[in-house]
Amino acid sequence: AFSINANSISLIGDPGVSSSPMILSDTGVTEFNRNPSQTNMSDIIADLNGQTTENSGLFGELFSDELLTGLSHNQLMYDTLNGLDNLFVFPSDELGRQLSTVSKMIATREQRGTDADVFFLSYGGWDTHSEVLDRQVRLFSRVDAAIDAFHREMVEMGTWDNVVLIQTSDFARTLS
């Protein structure tokens with residue numbers, strides 16, 4: 001499960017059964033420690049966090065394990081997505097960038113060794129108090145443009161028939 005730009009409780013599932021989603025930026029993944037103070041800094045970090053023993057304590061072991069797992073996932077995602085371009089131009093707004101990242105992730109599913117992913121995206125700005133119709137027309141136009149680019153990308157990749165889009169709204173108010 002991947003969340004773009006934000007954590008989402010909807011992707012967590014049952015406590016202790018599934019892991020938390022990986023949060024990706026809508027612009028991809030930033031390489032960890034781009035300019036290390038030493039050339040072998042990743043090895044040093046791995047060595048320091050691989051030194052736990054039976055007496056290290058639960059929290060120390062958990063921290064080291066989570067850190068090394070996170071660094072490993074970061075490197076895999078960075079190596080997978082770095083320099084990858086979309087086939088079509090996506091809108092440059094928030095939703096367009098998020099769907100662009102999802103498209104790249106779908107394009108790399110075989111490289112990542114997965115046959116199914118779940119992605120959570122969020123697009124705000126719908127709480128309008130004035131000029132409601134004009135703002136909704138503008139917002140829906142942006143949604144249409146982003147989904148159109150995503151659709152064209154999926155069709156070109158041959159994956160459109162295997163993609164499910166689900167839209168929900170949690171405005172927490174009733175019309176009454």
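1. Helix H1 (41-49) and helix H2 (residues 58-81) pack at an angle of about 155°, their axes lying 9 Å apart. H1 is therefore roughly antiparallel to H2 (angles over 145 degrees count as roughly antiparallel). Axes here are lines fitted to C-alpha atoms over the stretch in contact, and angles run from 0 to 180 degrees between N-to-C directions. Helices are DSSP runs (H or I) of at least four residues, and strands (E) of at least two, numbered from the N terminus.

2. A word on the source. This is a predicted model, in which local features need pLDDT of at least 70 and side-chain atom pairs count only at pLDDT 80 or more, while totals for chains, interfaces and linings use all residues. Residues are numbered from 1 along each chain as its sequence is written, and side-chain values use heavy atoms, with hydrogens and water left out.

3. Who touches whom. From H1, Ile45, Ala46 and Asn49 make the contact; from H2, Phe63, Ser64, Leu67, Leu68 and Leu71 do (contact means heavy atoms within 4.5 Å).

4. Asn33. Do have a look at this one: Asn33 is not a glycine, yet its phi is positive, at about 50°. Asn33 sits in the loop between strand E2 (22-24) and H1. With a relative accessible area of 33%, Asn33 is partly exposed (between 20% and 50%, using a 1.4 Å probe and protein chains only).

5. Glu131. Here too phi is positive, near 50°, in a residue other than glycine, Glu131. The loop between strand E3 (119-120) and helix H5 (132-157) holds Glu131, which is exposed at 54% relative accessible area (exposed means over 50%).

Notes:
Parallel < 35°, antiparallel > 145°, perpendicular 65-115°, else oblique.
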